[in-house]
Amino acid sequence: MTQAPPDIPMRALFDAQYQASRAQIDVPLAVRRDRLKRMRALINTHGAALADAVQADFGVRSPQLTEVADFLVLRALLGDLEKHLAAWTKPQRVKTPLYLKPASAYIQRQPLGVVGVIGPWNYPLQLTLGPAATALAAGNRVMIKPSELTPHSSALLAKLLHETFEADELCVVQGGADVAHEFASLPFDHLLFTGSTAVGRKVAAAAAANLTPTTLELGGKSPCVIDRSVNLADAALKIAHGKLLNGGQTCIAPDYVLLPRGMEAAFEQAFTAAVQRLFPTIAGNPDYTAILTERHQARLQSLVADVASQGARVVTLGQGGQTAGAPLNRQMAPTLVFDAPADSRLMAEEIFGPVLPVLVYDGMDDAVQYINERPRPLALYWFGTDHIACDRLLSRTVSGGVTVNDTLMHIAHENLPFGGVGESGWGAYHGEAGFLRFTQQKPVMVQSRFAISDVFYPPYGAKFDRVMGLLKRWL
Ligand code: NAD
């Protein structure tokens, strides 16, 4: 290619990838390994510059946070792909049932072709490069559309990826909602979208027109259930960490707490101590991520103001940013909300900020009912030592993923598929589940020359009846 990818129209980039994917379907292991190696080298060489770009996007977001939440997860994902690639790429032999013997059979794992990846702004590196690396490992070509709300990191990511990969291997298309809609309308072989449930519906509709299968990694309200058997100090610290990481702008952050009635004062005290320990100050603290934009901050503030006007008790922990217009103004103080009405906007919308409503329940049945009356959440957290109570709650609720006695951590476990269910999404990636998401599992049956399948052929007669009689008893 003579033109640089940014100057090539989106459709032409797609066409080049499409043709390349059809010209080389059997993508050698060495090529896949090399693509992963280049991805790893990019992170290793340019990690600091990328983290600085993310910092510039948010105003305040520490490079250490990007190191742990974007790069550590990515490195784990890459390491897992590199380790298992050979085994996952191999044809998988399957057993052949007696009535089909002596035939043999296997599943051939092939790339799907061209995979589209649309990313959100909250973890702009992990949530674009992670799916892209998985799709590359499975032998696909990849086009990424990062968020327009993180212009610094999206532009740097595009520049670095275009220096590292051929445009028909991996390329980036930048732009806002119009570009994103056009992108989602390309006839990809698979489209992975990470973002809000509302936009996910549009993406699914655009993809359906091409019969493009999708993986939708969406959001929602993830409950955090506290059992009476809890160690409250420990739980509050882990909940505060999960809630306040990245200023609460995490898809799997605990959205609200379900607390046994009577524990409100103890929880408030424990959570306040936890916040103090993690973030002794808020405004000006380089570890405490700012809300991305003033629009996002205004939405959060209005959620809190509305619920306060409906009679909820709002507890602000620490002093948020003060300077109008400056990034520090968007460091929103951690906020606990007690007695939020069930029909408030705070309890209807995904919060996506450092505001934690605490709802009380009388018995576990109430908590289960509350969860099951709402859309299925992306994550669910449970805290306590009563394993029977934990098993009962987990077996009676359905969520995308679960961490018991901590928050967020299931996303870092590569042997667990990561994804949502219902309104929090469909499909999953990470580990072998991700590899298979971007793989055609082609069943191949190899007939034996000693096969007796002609017993099923017409003309039907006594021999057919005898064989069918035998099979009816067997099967
Ligand atoms: P968003 O849905 O507003 O935007 C995500 C991406 O979609 C952006 O790149 C945007 O340009 C693109 N987009 C906008 N309109 C589009 C259209 N019509 N067609 C196709 N694409 C379009 O989400 P966001 O605000 O960037 O991210 C926050 C949301 O993402 C939250 O709901 C959060 O829970 C969710 N999220 C989910 C996960 C997960 O893994 N499940 C991870 C991170 C964030």
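## Overall size and make-up

The protein has 475 residues, and a compact globule of that length would have a radius of gyration near 23 Å; the value here is 26 Å, which agrees. That radius is taken over C-alpha atoms, and the globule rule is 2.2 Å times the number of residues to the power 0.38. Along the principal axes, the C-alpha atoms fill a box of roughly 85 × 65 × 35 Å.

This is a predicted model: local features need pLDDT of at least 70, side-chain atom pairs count only at pLDDT 80 or more, and totals for chains, interfaces and linings use all residues. Residues are numbered from 1 along each chain as its sequence is written, and side-chain values use heavy atoms, with hydrogens and water left out.

The protein has 14 helices and 18 strands. These are DSSP runs numbered from the N terminus: helices are H or I with at least four residues, strands are E with at least two.

## Two domains

The protein is divided into domain 1 (10-218 + 427-440) and domain 2 (223-419). The bounds come from an automatic or database domain assignment. The centres of the two domains, taken over C-alpha atoms, are 30 Å apart. Domain 1 brings 24 residues to the contact and domain 2 brings 28 residues. Contact means heavy atoms within 4.5 Å.

## The interface

Domain 1 and domain 2 bury about 2100 Å² between them, with 60% of it on carbon and sulfur atoms. Buried area is the accessible area (1.4 Å probe) that two parts lose on being put together, summed over both. In domain 1, the most area is lost to domain 2 by Val-60, Trp-121 and His-430, together 28% of what that side buries.

On the side of domain 1 that touches domain 2, α2 (29-58), α3 (63-89), β17 (428-429) and α13 (431-437) each supply at least two residues. The largest share, 5 residues, comes from α3.

## Salt bridges

Side chains of opposite charge can pair when their charged atoms come close. The count for the protein comes to 23 salt bridges. A salt bridge here is a side-chain nitrogen of Lys or Arg within 4 Å of a carboxyl oxygen of Asp or Glu.

Asp-34 and Arg-38 form a salt bridge through their side chains (2.9 Å, N to O). Both lie in helix α2, 4 residues apart, about one turn of the helix.

## Backbone details in loops

Lys-101 and Pro-102 are joined by a cis peptide bond, with omega about 10°. Pro-102 sits in the loop between β1 (92-94) and β2 (104-111). The bond from Pro-458 to Pro-459 is also cis, with omega near 0°. Pro-459 is in the loop between β18 (439-446) and α14 (462-474).

Asp-339 is not a glycine, yet it has a positive phi of about 60°. Its place is the loop between β11 (335-338) and β12 (355-361).
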